[in-house]
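Biologist: Walk me through this one feature by feature. Give me the general idea, then the case in hand.

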Amino acid sequence: MSSVLTVSGGVPLRGTVAVRGAKNFVSKAMVAALLGETTSRLRNVPDIRDVGVVRGLLELHGVQVCGGPDGADGELLMDPVNVERANVADIDAHAGASRIPVLLCGPLVHRLGAAFIPDLGGCRIGDRPINYHLDVLRQFGAVVEKLPSGIAISAPRRLRGTRLELPYPSVGTTEQVLLTAVRAEGVTELRNAAIEPEIGDLIAVLQKMGAIISVDTDRVIRVEGVDSLTGYDHRALPDRIEAASWASAALATQGDVYVAGARQPDMTTFLNTFRKIGGAFDIDDDGIRFFHPGGPLRSIPLETDVHPGFMTDWQQPLVVALTQAQGLSIVHETVYENRMGFTDALVRMGATIQTYRECLGSTPCRFGAQDFKHSAVISGPTPLHGADIEVPDLRGGFSHLIAALAAEGTSRVHGIDLIDRGYEHFADKLAGLGAQVSRDTAPVPAVA
Ligand code: EPU
């Protein structure tokens, strides 16, 4: 069984929508709670499925979790005093499509001397290997053993700080290093680190817990290991991916949406691009109003990149707006090799988009010499019409919703449970913005 959203499109989105804590920070801050000797308090936690998955993983390991997104200020309390080993089959059954279990390794090895990772899922936007994670864990002194059921990590003695350099500034691997280095013996130096705002907020959390971490301007992070950490009290930074998704929806539907909670400093690159296309925005202390000011939208060349570049997660929602821009837009995806598949559904809805194996851009990309269609040329403007579409992945799924909202006629978007992973109450929020949507559970196979 999988849920379907029926959308009667062609109605501009108008009104206010609120974003809460960033999915890609909150899950990591929850993992960090494992490292403390006292209770941690995380605020502004959104009601999304990924939070439920991490909560379950913590509980399986003996962490007592109370509160939750529905409580006051979305407050979650995590008491890690009785951390214990979890049953392998339970971890496997619970982790589902999540990639979070790999980040539990460092903290669990510090607490229990061992950890286990089942086969990992996550969105189908590329191969998504965990080789960098396993390499850095080995360099800290962990023993990594591949078993038929997953990967067992153990440590014969306390993990040791080390000098590391990532082949690519991977977000997850940088977090892995931080979560492991803070309690390792001695100093860790990480070169070519990711420096996304969500990582900055994770560093803030770890510093509150007692860690000693410095960030240099050249992607170098230094961590001096400490013997013990306490719990933390922290309010999560807002979700800049969700904020950009609503901005893209406002532009594609010729609407006007105030995104309460959106924060300018985390979105500078997105805001520049939004303006170049012809979108308008007003910024105040509490959020950002995104709107279509009238007149034609302009086509652009766009390349995704690690921070401070244009985020890969902003790409899919914005491509729908680019189908409404005049002329040829060229999009080069450099973070994931397989994040253009969602354009097939847009083409069925009337968009003119061609995908290419070549790098259509100037950013050096790891996929150019390989057989991946990771560039796209979008020719617009093209009217969109309703269709039956299937959600391919989290962000691609939201972009399909935007296309359905911008299209004339009725669309049925299948497999929207996948969107629940990262967009809080999105059907209610859409209805609040005037969209004509209804959610049903239909007997069709789930995508995820
Ligand atoms: N990579 C490897 N080996 C590894 C790890 C990564 O080759 O061991 C490659 C990946 O295949 C990818 C690139 O490095 O091509 C970047 O991956 P990264 O590790 O940076 O991504 P991640 O940590 O798995 C997080 C977010 C993603 C977001 C990326 C980039 C979470 C839970 N996920 O993934 O978010 O796209 O960083 O910003 O934080 C989403 O929210 O929809 C989403 C996919």
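**Reading the ligand site and the domains**

Modeller: We begin at the ligand, where one of its oxygen atoms lies 2.7 Å from a polar backbone atom of Val335. This is a predicted model.

Biologist: How much of the ligand's accessible area does the protein cover?

Modeller: On its own the ligand has 830 Å² of accessible area, and the protein covers 91% of that.

Biologist: Which elements give two or more residues to the shell around the ligand?

Modeller: They are α1 (23-32), α5 (131-139), α6 (171-181), α10 (312-322) and α12 (394-406).

Biologist: How many residues surround the ligand, and which are the closest?

Modeller: There are 24 residues around the ligand. Lys28, Asn131, Ser170, Val171 and Val335 are the closest. Asn131 places a polar side-chain atom 2.7 Å from a nitrogen atom of the ligand. Val171 uses its backbone: a polar atom there is 2.7 Å from a ligand oxygen atom.

Biologist: Now the domains. Where are the boundaries?

Modeller: Domain 1 takes in 2-19 + 238-442, and domain 2 runs over 23-235. Their C-alpha centres are 30 Å apart.

Biologist: Why does the ligand lie between the two domains?

Modeller: Domain 1 and domain 2 both contribute residues to the shell around the ligand, so the ligand lies between them.

Biologist: How should I read the size of an interface?

Modeller: It is often given as the accessible area lost when the parts come together. Here domain 1 and domain 2 bury about 2200 Å² between them. Carbon and sulfur atoms account for 48% of that area. In domain 1, the residues that lose the most area to domain 2 are Val306, His307 and Arg421. Together these three make up 31% of what that side buries. As for contacts, 26 residues of domain 1 touch 22 residues of domain 2.

Biologist: Next, the backbone. What do most peptide bonds and phi angles look like?

Modeller: Most peptide bonds are trans, and most residues other than glycine have a negative phi. Now the cases to check. The His307 to Pro308 peptide bond is cis, with omega near 15°. Pro308 sits in the loop between β18 (301-303) and α10. Gly380 and Pro381 are also joined by a cis bond, with omega about 0°. Pro381 belongs to the loop between β21 (375-380) and β22 (388-390).

Biologist: Which residue has a positive phi although it is not a glycine?

Modeller: Arg219, with a phi of about 60°. Look for Arg219 in the loop between β11 (212-215) and β12 (221-224).

Definitions and conventions. Residues are numbered from 1 along each chain as its sequence is written. This is a predicted model: local features need pLDDT of at least 70, side-chain atom pairs count only at pLDDT 80 or more; totals for chains, interfaces and linings use all residues. Side-chain values use heavy atoms; hydrogens and water are left out. A residue is near a molecule or strand if one of its heavy atoms lies within 4 Å of it. A polar contact is a pair of N or O atoms within 3.5 Å; within protein, one must be able to donate a hydrogen and the other to accept it, and residues adjacent in sequence count only if both atoms are side-chain atoms. Accessible areas come from the Shrake-Rupley method with a 1.4 Å probe; for residues, only the protein chains shown count as cover. Helices (H or I, at least four residues) and strands (E, at least two) are DSSP runs, numbered from the N terminus. Domain bounds come from an automatic or database domain assignment. Contact means heavy atoms within 4.5 Å. Buried area is the accessible area (1.4 Å probe) that two parts lose on being put together, summed over both.
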